[in-house]
Amino acid sequence: MSLRSRWTVTARYALLPAASVLLVTLLLLALARWLAVDEMARRVSLRNEYRAAVLAGAIDDALRGSVREVRLLARSPLMSGTVSPPRVRAELERLQAQSPHYVWLGLVGLDGTVVAGTQGWLEGRSIAGRPVFLQSRTATWLGDVHPAVALAPLLQASGRPVQELIDIGEPVRDAEGNVTGVMAAHLGVDW
């Protein structure tokens, strides 16, 4: 056997373990990368789920607070029907100033006509066909997000951004428990 043949055979036997180690190393690196990417994706997914849960909790708390404010306002003696619309409007605007996420608040009579509304908006107009009136005559109602309808031109004219709204409605009752109207509120979704 020649020197060259021996070198080739020796080189082959020497390169075989090196190639095996290289192949195993490459396989381990690919496996480690796959596991690392999978773990990173799992952690990102968990972090996003956590953030979504925190955000959902904050939104839920804010909506509950707004529903509570509207409910308290509907139970106020100022909404009894014996108080003048300008005085009612002043009270509605006070709440709106304290909680700017309210785009509009209004007291609506049993026939669906707005008795008093913030900025005087919609006063004397009927919202009898709107869900906030229809759904709120018997119990508290919280609507889905929807585009501004009757308020859109008023918002544009006032220079405020037209935005999507969430409706809250609460029946207004007299001392005997009879429904005398509806307290309606529109929350902007910008908050």
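Colleague: Which residues line the largest cavity?
Modeller: L122, I127, R130, V132, H146, V149, A150, L151, L165, D167 and H186 line the largest cavity. The model is a predicted one. The volume of this cavity is about 110 Å³.

Colleague: What makes up that lining by class?
Modeller: Seven residues are nonpolar, two are polar and two are charged.

Colleague: Why is E91 called buried?
Modeller: Buried means under 20% relative accessible area. E91 has 11%, so E91 counts as buried.

Colleague: How do you know that E91 forms a salt bridge with R87?
Modeller: The cut-off is within 4 Å, nitrogen to carboxyl oxygen. The closest N and O atoms of E91 and R87 are 3.8 Å apart, so the pair counts. Both lie in helix 2, four residues apart, about one turn of the helix.

Colleague: What makes R89 and E123 a salt bridge?
Modeller: Their side chains meet at 2.6 Å, N to O. That is within 4 Å, so the pair is a salt bridge. R89 lies in helix 2 and E123 in the loop between strand 2 and helix 3, so the pair ties together parts 34 residues apart in sequence.

Colleague: What separates R42 and E39 in helix 1?
Modeller: R42 and E39 are three residues apart, so about one helical turn separates them. Their side chains meet in a salt bridge of 2.7 Å, N to O. E39, R42 and R43 are linked in a network of salt bridges.

How values were computed: Residues are numbered from 1 along each chain as its sequence is written. This is a predicted model: local features need pLDDT of at least 70, side-chain atom pairs count only at pLDDT 80 or more; totals for chains, interfaces and linings use all residues. Side-chain values use heavy atoms; hydrogens and water are left out. On a 1 Å grid over the protein atoms alone, a cavity is a set of points where a 1.4 Å probe fits but cannot get out, and a pocket is an open set with protein on both sides within 12 Å along at least five of seven lines; lining residues have an atom within 4 Å of a point. Grid points are joined across faces, edges and corners, and a volume is the space filled by probe spheres set on the points. Ala, Val, Leu, Ile, Met, Phe, Trp, Tyr, Cys and Pro count as nonpolar, Asp, Glu, Lys and Arg as charged, and the others, Gly among them, as polar. Helices (H or I, at least four residues) and strands (E, at least two) are DSSP runs, numbered from the N terminus. Buried means under 20% relative accessible area, exposed over 50%, partly exposed in between (1.4 Å probe, protein chains only).
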